[in-house]
2 protein chains.
Amino acid sequence: MSDAFILGDWGTTQLRLFLCNDAGVLDRRFGRGIAQLERSPPDEFAAVAGDWLDDHRVDDAVLAGMVGSRTGWLETAYAPCPATAADLIASIARTECGDVSIAIVPGLSCVGPSGAPDVMRGEETQLFGALALEPRLRTERHVVALPGTHTKWVVVEDGRVIQFQTALTGELFALLRTSSTLLKTGGAASDAFDDDAFATGLDAARSERSLLHALFQVRSQQLVAGATPSYATSLLSGLLIGSDVNGAAELHHATDVTLIGERELASLYARALEARDARTRTLDGNECALAGLNAFARALSA
Amino acid sequence: MSDAFILGDWGTTQLRLFLCNDAGVLDRRFGRGIAQLERSPPDEFAAVAGDWLDDHRVDDAVLAGMVGSRTGWLETAYAPCPATAADLIASIARTECGDVSIAIVPGLSCVGPSGAPDVMRGEETQLFGALALEPRLRTERHVVALPGTHTKWVVVEDGRVIQFQTALTGELFALLRTSSTLLKTGGAASDAFDDDAFATGLDAARSERSLLHALFQVRSQQLVAGATPSYATSLLSGLLIGSDVNGAAELHHATDVTLIGERELASLYARALEARDARTRTLDGNECALAGLNAFARALSA
């Protein structure tokens, strides 16, 4: 039996578990997200880890994401910003599963630019993973965006998360695409991406500053101008991503943005940012999550 | 048998039919909206009108709203803005039901401030009804708002509809209230109105200009600050109505707004407008619809 440890990214819709040793990742497996569990979190963990626990000597696991929420395995308090990786590690909560000691990474909280509270859970691990992967992000000021269901815009200064803000972009796109009157007129919403429609949406988000007033054109373009469902869907995407980027870019005076996420979605944010003359670099979200978990595991075992 | 005519306001969710003569309304009845029909529109009309047609000599009916849409009784083309009541009447479409001649009022279309097309169907009848009821609205420039599922902001000049713009406010409120993550954390969304929360939403809509970025606080206030579901629901209402009013008020430099609609919703718009130092007056939406239908019936029989 060889020594190994387990890292886990356990979000709302998916569990990704990695069996690792000091040389790297030995194996990876998938399980159910926190919102989709059919058994308790410890039972799900033990079932997905399965024979890993027979074949290797596993003393430790580090888990991040919704696993630390009220509906997860063990609720962890949010670490308040400004926060470094060390601050986050100092707030890690502990439980166990059989002989395995489980470390659960807390989320981050902050007071947003407008004075309202904001929270993240899971993205902090990708963020500190990016800092582990990219030394340049550990000094000076950087604006980092993590596009997704709840897009996070984060300001990092000298390796410290100063403040962040959540935009409802992905969730609103999904809701409006499937459940609103905006996309029912021309038939089912289409998945085919329409480049011109997306660009038109970006332009419209800049000329029509009020998102509530801009959205209805997704419907009226179909009713009056014969737009197809795939045109309308990409127009909606451009309006929402454009509106998100305009709000964030003005707030942070961002001329250089690091994107962390899934390639396809990140490329849409990159287009919206580049249309505002901001430079972008994209890091893979899964790689950042793994790097963050690894950094926490190393710090905990040090 | 006495002479009578029928007026009808036939929207997506409800049919309201009025039996009238020159002295006024004799009777009123309700039927199913266009989206909820279980029989054809002529059959629904004949069934709801029922014994009216036996007891009175009814030659004419005037119907407005979604009855003139693609999914209604007879599709009527949108009359393009700028448009007067006379322009609308000239575009009325005709069909029949037994011995009754049916006039179907078209909607209005325009090119919005940002160059995108916009449409309304049903609100034009309330709007010209308001002009029939209030002579002051027939001269000079006025900004009229019709709050609802799709709130309409209309500029009227010398009795002519110059331009309008639709905001998705009511539909987005309903979607986010029932189907988003914003209101799932603290239990079921509550109907109890929280005055302070609504006012906080109005303020936040002004300080945080990006609606996408402002919305998440509805969730985070529950997660971090212990906000109740009824607080969160009213906060969401304030954010959306505030954002709608800010966008429209800046666009039209509106210092005086006529609201047409249901009292309770109109009062929330009035508060948002008054917080921006705009004066408001509210007209009842049902009275305006009936006045508009009456004005069209008089013009058609003249």
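Axes are lines fitted to C-alpha atoms, for helices over the stretch in contact, and angles run from 0 to 180 degrees between N-to-C directions. Helices (H or I, at least four residues) and strands (E, at least two) are DSSP runs, numbered from the N terminus.

This is a predicted model, in which local features need pLDDT of at least 70 and side-chain atom pairs count only at pLDDT 80 or more, while totals for chains, interfaces and linings use all residues. Residues are numbered from 1 along each chain as its sequence is written, chains are lettered from A and ligands numbered from 1 in the order in which they are written, and side-chain values use heavy atoms, with hydrogens and water left out.

**Stop 1: two helices of chain A**

Select residues 229–252 and 263–274 of chain A, which are helices H9 and H10. Their axes lie 9 Å apart, and the helices pack at an angle of about 65°. H9(A) passes H10(A) in a right-handed crossing; a crossing is right-handed if the near helix is turned clockwise from the far one by less than a right angle, and left-handed if anticlockwise.

Which residues of H9(A) meet H10(A)? Show Ser237(A), Ile241(A), Asp244(A) and Val245(A); they meet Leu265(A), Leu268(A), Tyr269(A), Ala272(A) and Leu273(A) in H10(A). Contact here means heavy atoms within 4.5 Å. By class, this contact has seven nonpolar, one polar and one charged residues. Ala, Val, Leu, Ile, Met, Phe, Trp, Tyr, Cys and Pro count as nonpolar, Asp, Glu, Lys and Arg as charged, and the others, Gly among them, as polar.

**Stop 2: a sheet in chain A**

Next, display the open sheet of three strands in chain A, with the order S5-S8-S9 and mixed pairing. Strands S5 (79–80) and S9 (117–120) of chain A stand at the edges, each with a single partner strand, so one side of each is left without a neighbour in the sheet. S5(A) pairs with S8 (residues 108–111) of chain A in the parallel sense over two bridges; two strands pair if DSSP finds at least two bridges between them. Ala79(A) stands opposite Leu108(A) in S8(A).

**Stop 3: a sheet in chain B**

Move to chain B and show the open sheet of five strands, with the order S12-S11-S10-S13-S14 and mixed pairing. Neighbouring strands of this sheet are turned by 25° against each other on average, direction ignored.

Select S10 (residues 141–146) and S11 (residues 151–157) of chain B, which pair in the antiparallel sense over six bridges. Val144(B) has Val154(B) in S11(B) as its bridge partner, and Val154(B) also stands opposite Phe164(B) in S12(B). S11(B) and S12(B) are antiparallel over seven bridges. These two strands form a hairpin with two residues between them, and Asp158(B) in the turn has a positive phi of about 50°.

**Stop 4: between the chains**

Finally, show both chains. The contact takes 43 residues from chain A and 43 residues from chain B. About 3,700 Å² is buried between chain A and chain B, of which carbon and sulfur atoms give 66%. Buried area is the accessible area (1.4 Å probe) that two parts lose on being put together, summed over both.
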